[in-house]
Protein chains: 2
Amino acid sequence: MNFSIDTDVLLNNILIAQKALSTKTPAPYLQGIKLEVYDNEIIVITSNSDISIKISIKDESLNIEDEGEILIPGKVFVEFIRKLDKGIVEFSVIDNSVLKITSKHTDLSLNLLNVEDYPNIDFNLKDEPIKLESKLMKSVIKQTTFATSTIENRPILTGVNIKVVDDELTAIATDSFRLSQKQIKVTKNFDKMNVVIPGKSLDELYKILELDLEEILIHLDKKSIIFEYGNILFQSRLLDGSFPETSRLIPNEFPIILKFNINDLAIAIERASLLSVKDSISSIVKLNLKANNEVEITSNSPEIGKVIEEVKPLEVEASSTLKIAFSSRYFLDALKTFDSNEVFVKFTGEIRPFIIENAKEKGLIQLILPVRTE
Amino acid sequence: MNFSIDTDVLLNNILIAQKALSTKTPAPYLQGIKLEVYDNEIIVITSNSDISIKISIKDESLNIEDEGEILIPGKVFVEFIRKLDKGIVEFSVIDNSVLKITSKHTDLSLNLLNVEDYPNIDFNLKDEPIKLESKLMKSVIKQTTFATSTIENRPILTGVNIKVVDDELTAIATDSFRLSQKQIKVTKNFDKMNVVIPGKSLDELYKILELDLEEILIHLDKKSIIFEYGNILFQSRLLDGSFPETSRLIPNEFPIILKFNINDLAIAIERASLLSVKDSISSIVKLNLKANNEVEITSNSPEIGKVIEEVKPLEVEASSTLKIAFSSRYFLDALKTFDSNEVFVKFTGEIRPFIIENAKEKGLIQLILPVRTE
């Protein structure tokens with residue numbers, strides 16, 4: 001195996017591949033980056049227990065003299081390429097066991113891993129993938145994954161449920177204290193799909209989507225999901241088990257609807273949360289809608305002190321007053337998913353789940369369970 | 001006690017005072033910020049076991065109606081003021097036990113600590129302090145504190161030794177594997193001084209010096225040191241015990257002198273260190289001056305591989321070849337203290353300490369002990 005390539009081109013690609021590199025694994029070969037060198041392209045493959053990445057590099061700086069397959073210790077390889085001088089770097093394999101990397105002032109010999117040990121990873125692409133603006137895919141991830149559970153006792157809740165029926169894709173995440181639901185239109189899919197993707201996989205995908213290519217293709221079937229993004233294939237494992245049916249949890253009648261400026265509401269909740277008693281999850285604050293339609297966010301900790309924040313709602317539609325307590329962090333997390341300046345907070349009752357919505361961002365619902373206080 | 005002030009003015013000052021706030025302490029009063037309100041100024045005082053800070057706030061936005069002294073829970077106070085809306089904030093004390101903070105939409109009641117518990121902290125200023133450009137003080141800290149020991153078994157080495165004789169100030173730090181020495185001219189001091197300041201205190205002072213005021217005054221006597229920086233007094237405890245006499249450690253005859261571009265040398269050492277065997281402190285690399293005046297930085301790890309980096313010295317003055325091994329981290333740390341592009345590395349022998357100097361930055365010496373290899 002023998003080729004040369006522009007250092008930056010190689011670096012940009014292995015920095016992406018690195019996201020699927022195992023760091024702690026009983027299988028040392030998964031700490032390796034697999035390079036497959038063909039006559040006109042290089043394939044970079046990495047994999048850990050959650051995700052696998054396959055990147056095709058074709059570049060005018062690429063000069064291939066000899067084909068082959070090798071498995072390179074990943075971490076030291078990435079760090080070394082990151083620190084190389086700009087310009088062309090040459091690779092050649094000696095005795096099937098050592099990779100020689102030569103650049104302007106540098107001469108490195110790196111012991112290779114045994115490429116025969118590397119598992120064969122299928123990246124099965126479908127003929128008619130779902131096509132999506134990658135900006136929209138980023139929104140879906142940002143607006144849902146934060147609400148997945150981080151506790152492993154119900155593993156299915158650590159994932160995001162993706163359902164596709166005809167041309168509608170629904171993404172749902174819940175940790176059983178809150179729920180995020182986002183619905184978007186996509187290209188029509190011919191099979192109904194209902195899968196659960198680990199939240200962590202989607203977080204890694206999100207970072208790759210920073211490249212800002214226009215489009216992403218989703219190859220979805222019952223057993224696997226592959227996101228195709230330019231020259232990158234990103235495959236995630238799916239979670240076993242069935243995701244809870246959540247549609248009945250979302251109320252649809254709201255005797256109290258308040259419209260707020262997001263920033264005004266967020267800063268009031270942040271300040272109030274500084275003084276509040278911490279429970280195991282977060283700081284609890286109270287929202288108080290008074291008879292004169294004024295809204296106060298309050299918290300009270302006998303040891304530290306108490307705070308009353310006045311927030312002016314932009315609109316009030318209310319048949320009664322309201323006192324409701326909730327986790328400040330859940331509320332702030334939910335507010336961050338809205339791009340616009342205004343939200344509607346819709347209440348059914350003092351001990352019933354409430355939702356946050358926005359007129360402009362159709363299809364996005366954030367639901368939060370209130371907390372009972374004395 | 002009753003006053004009002006512009007929120008940002010107060011915030012900027014308590015953010016500085018915060019650096020001396022205790023977070024973990026058996027004395028809860030040291031988690032407090034003491035405010036002394038006089039007829040035309042506010043004094044802010046904080047203290048932990050290492051440093052004490054006293055700040056005088058005089059500002060045109062300051063409106064004092066009633067004098068007094070209070071002790072405020074520090075952390076929640078700083079976080080709250082940080083999140084307040086811009087504009088004027090009002091403070092008043094109720095029943096000697098609660099601080100009421102009122103701003104546009106906010107109404108906070110904060111339980112006070114008992115100000116009687118707070119120790120009296122002397123900030124004794126001298127009539128004729130040492131006067132210094134604060135830029136120069138920053139250099140002294142940056143160029144020495146990194147070389148202090150972080151291991152507590154010889155506490156005196158966790159500090160920087162400051163000696164003043166006539167108009168010369170010498171700062172020395174060593175962890176017994178390396179040594180940094182910086183000498184500068186200062187205003188004449190009438191007593192000889194020789195003290196040791198905890199490295200951590202100087203690191204905190206360094207952050208405060210980011211304000212970029214022109215001048216700093218040093219009030220130094222045998223028992224304490226106070227840095228006066230604008231309206232801020234920064235006092236540090238001194239370390240007990242005598243600092244080792246280091247002048248004999250620094251060699252003064254150098255049969256081998258190499259001049260390098262700092263960046264070329266640093267990147268070669270960084271790359272070589274990626275492949276080297278790690279000992280308890282750092283990665284060891286070797287410098288090899290060959291008979292043809294070429295220089296190689298190398299490292300070799302039987303498990304990972306080996307690397308040879310070629311670095312072109314700008315000048316060579318050498319009576320022989322040289323092979324010397326050293327900690328890459330110590331060498332890189334030392335290189336970072338030079339502002340210029342070039343350094344001289346001066347060697348006495350393969351198992352003798354070597355020094356790094358620069359023609360332009362007079363007064364700065366970085367010394368490193370080599371490592372013996374097989």
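1. Basis. The model is predicted: local features need pLDDT of at least 70, side-chain atom pairs count only at pLDDT 80 or more, and totals for chains, interfaces and linings use all residues. Residues are numbered from 1 along each chain as its sequence is written, while chains are lettered from A and ligands numbered from 1 in the order in which they are written.

2. Chain A overall. Chain A holds six helices and 26 strands (DSSP runs numbered from the N terminus: helices H or I with at least four residues, strands E with at least two). Its C-alpha atoms fill a box of roughly 80 × 50 × 35 Å along the principal axes. Of its 374 residues, 38% count as buried, that is, with 20 or more other C-beta atoms, placed from the backbone, within 10 Å of their own. Among contacts in chain A between residues at least 6 apart in sequence, 68% join residues at least 24 apart; a contact means that the C-beta atoms of two residues, placed from the backbone, lie within 7 Å.

3. Symmetry. Chain A is superposed on chain B by a rotation of 180° with 0.0 Å of shift along the axis, at an RMSD of 0.0 Å. This is the relation of a two-fold axis.

4. Interface. In this interface, 27 residues of chain A are in contact with 27 residues of chain B. On the side of chain A that touches chain B, α2 (74–83), β9 (106–111), α5 (262–274) and β21 (305–311) each supply at least two residues. β21(A) gives the largest share, seven residues. By class, that side of chain A has 13 nonpolar, five polar and nine charged residues (nonpolar: Ala, Val, Leu, Ile, Met, Phe, Trp, Tyr, Cys and Pro; charged: Asp, Glu, Lys and Arg; polar: the others, Gly among them).

5. Strand pairing between chains. β21(A) and β9(B) (residues 106–111) run antiparallel and are joined by five bridges; strands pair if DSSP finds at least two bridges between them. In this pairing, I308(A) stands opposite D107(B).

6. A sheet in chain B. Eight strands form an open antiparallel sheet in the order β6-β2-β3-β4-β17-β16-β15-β10. β6 (68–73) and β10 (130–133) of chain B each have a single partner strand, so one side of each is left without a neighbour in the sheet. The twist averages 20° from one strand to the next. Four bridges join β10(B) to β15(B) (residues 215–220) in the antiparallel sense, with L132(B) opposite I216(B).

7. Helices on the sheet. α1(B) lies across β2, β3, β4 and β17 of chain B and runs at about 165° to β4(B). α4(B) (residues 199–208) touches β4, β16 and β17 of chain B, its direction making about 165° with that of β17(B). Axes are lines fitted to C-alpha atoms, for helices over the stretch in contact, and angles run from 0 to 180 degrees between N-to-C directions.

8. Helix pair. The axes of α1(B) (residues 7–17) and α2(B) (residues 74–83) come within 9 Å and cross at roughly 145°. Residues T7(B), L10(B), L11(B), I14(B) and L15(B) of α1(B) meet V78(B), I81(B) and R82(B) of α2(B). This contact has six nonpolar, one polar and one charged residues.

Key. Copies are superposed by least squares on the C-alpha atoms of residues with pLDDT of at least 70 in both. A residue is buried if 20 or more other C-beta atoms lie within 10 Å of its own, exposed if 12 or fewer, and partly exposed in between; C-beta atoms are placed from the backbone.
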